[in-house]
Structure formats: structure tokens, C-alpha cells
Amino acid sequence: PPPDYPLKIAVFALGCFWRSEAVFGCLNGVVRTTVGYCGGSKLNPVYRSLGDHAESVQVEYDPKVISYTQLLEVFWASHDSRQVFGQGPDVGNQYRSVIFTNGTEERRLAGVSKEREQLKSRSSVVVTQIQQLGTFYPAEPEHQKFELKQSPFLRQLMGNLPEVDLENSSLAAKLNGYAAELCPPGIQKQIDAKINDILRKGIENPELWMAQANRQGFKR
Ligand code: MHO
């Protein structure tokens, strides 16, 4: 059953959003992830024409399981915040590093974490922007859970869920990170073990497995 207190939403940009979604989707306490466009002024951006927006991920999380501060730690640890225009091979303004804050407390926490990061990186400048959260435009379906969709096996494990259900599923968010091998080692191993178990027994009923996995803590 859903908790009787509200979930929270955080939005980050840290390079290609396929990867950003995988990074956050892995985490315990993250309930849902969505990739999209944020931080620019262009109305109704799309992938081939995103204007001045950054590729972003919207993270819905349970604040009793994971805190905003912990999400910030994952943000900093998961990309190079000193790159002005992108990450690795992905060059351009759409790949810039941004923390989108909603309210003064998030803004404060983001500021503190950036200062700490700047101290760590000494002479090179942390270019991450801290920006007030505006409209988040969800990206096209083919960009949602992109990493998971590269694995027919994992999709089958998810019972070949229709797109909408896949986008809303906590398990899909987690397996999306697993597919990209971006989960923290402990979680990556836990899912490995689970999947080996299924392979031993044969996947007779993926939907049942999914329901069980959700109950056993994959859910949140
Ligand atoms: N280098 C990536 C960028 C995709 S990301 C959604 C590619 O394969 O096109 O911008």
C-alpha cells in the first residue's frame, strides 16, 4: 500500500538522460523515474529539437527511505561536474550539469553540497548550475527506461508490460539501472542473485515474479 505521506520530487541534469535515469532508478527509496527536458525556455521541446533545455531526470522518492542530501551525493558521484558542455562523448549544452531546486531548503542543501564539491576539486571549477525548478517536459516514450529496453530478457521478466505501466513501475526503474550496470554494488548483486534464482527455476510466470519482487523490497 502507498504510504500515507506524500512522495517528493527532485530533478537533476547530469549528461545523457538515459544514464541519469539508470543512476537514480537503482536507489532504494526511489519510487519512479522519468526522463525529460528542463531548464530552458522552449515550449514543448522534443528530442531532436530541445532548444535550450537540458536532458534531465525527474526522481520521485520516499523521503523516509532516502533523503534529498543522499540524492545530491549520488548526483555528484555520478558525473564530472567540471565539464562545461557535456560528459565524455556527449558534447553540447543539452548535457550540462544542473540541480533544479524546489524551495529554499533544497536550494540551501544544493548550495552547501556544491561548495563541498568545489573544495574537493581544488583548482578546477565546478560548473554545475543551481536553478529554480520550472516546467519539466517528459521525453518521448522511446527515451523512458531506455537501458531496460535494450534487454529483451529483462523486458520479458517485466511481463512485457505496456509502455505506460513500464514508465510508472518502481521495479522497471531499478532494472533499468541494473541493465546499465549502474546500481550500487550491493544492489547490483542482490538483483543478480534474484535473476539467477529465476533462471534456475525457469521463468514460468514473470508477472508473479514481478509481484513478489515488488513485495520483497524492490518496490521502495
Ligand atoms: N551518445 C548518446 C547520447 C544519447 S543521450 C539520450 C547516443 O548514443 O546518441 O543524449
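Lys174, Leu175, Gly177 and Tyr178 of helix H7 are in contact with Ile187, Gln188, Ile191, Asp192 and Ile195 of helix H8, where contact means heavy atoms within 4.5 Å. By class, this contact brings together five nonpolar, two polar and two charged residues. Ala, Val, Leu, Ile, Met, Phe, Trp, Tyr, Cys and Pro count as nonpolar, Asp, Glu, Lys and Arg as charged, and the others, Gly among them, as polar.

The model is predicted: local features need pLDDT of at least 70 and side-chain atom pairs count only at pLDDT 80 or more, while totals for chains, interfaces and linings use all residues. Residues are numbered from 1 along each chain as its sequence is written, and side-chain values use heavy atoms, with hydrogens and water left out.

Two packed helices are described by the angle between their axes and the distance between the axes. The axes of H7 (residues 170–179) and H8 (residues 185–201) come within 10 Å and cross at roughly 100°. H7 is therefore roughly perpendicular to H8, a term for angles of 65 to 115 degrees. The axes are lines fitted to C-alpha atoms, for helices over the stretch in contact, and angles run from 0 to 180 degrees between N-to-C directions.

Helix H8 also holds Ile198. This residue counts as buried, because its relative accessibility is 6%; buried means under 20% relative accessible area, with a 1.4 Å probe and protein chains only. Between the C-alpha atoms of Ile198 and Leu43, which lie 155 residues apart along the chain, the separation is 45 Å.

Helix H1 (residues 17–25) is mostly covered, with seven of its nine residues buried. These are Phe17, Ser20, Glu21, Ala22, Val23, Phe24 and Gly25. Their cover includes strands S1 (8–14), S2 (30–38) and S3 (54–61), together with helices H2 (68–77), H4 (146–149) and H7.

The chain as a whole has nine helices and eight strands, which are DSSP runs numbered from the N terminus (helices H or I, at least four residues; strands E, at least two). Its radius of gyration is 17 Å, close to the 17 Å that the globule rule gives for 220 residues, so the chain is as compact as a globular protein of that length. The radius is taken over C-alpha atoms, and the rule is 2.2 Å times the number of residues to the power 0.38. Along its principal axes, the C-alpha trace spans about 55 × 35 × 35 Å. Buried residues make up 48% of the 220 residues.

Note on methods. Angles under 35 degrees count as roughly parallel, over 145 as roughly antiparallel, 65 to 115 as roughly perpendicular and the rest as oblique. Buried means under 20% relative accessible area, exposed over 50%, partly exposed in between (1.4 Å probe, protein chains only).
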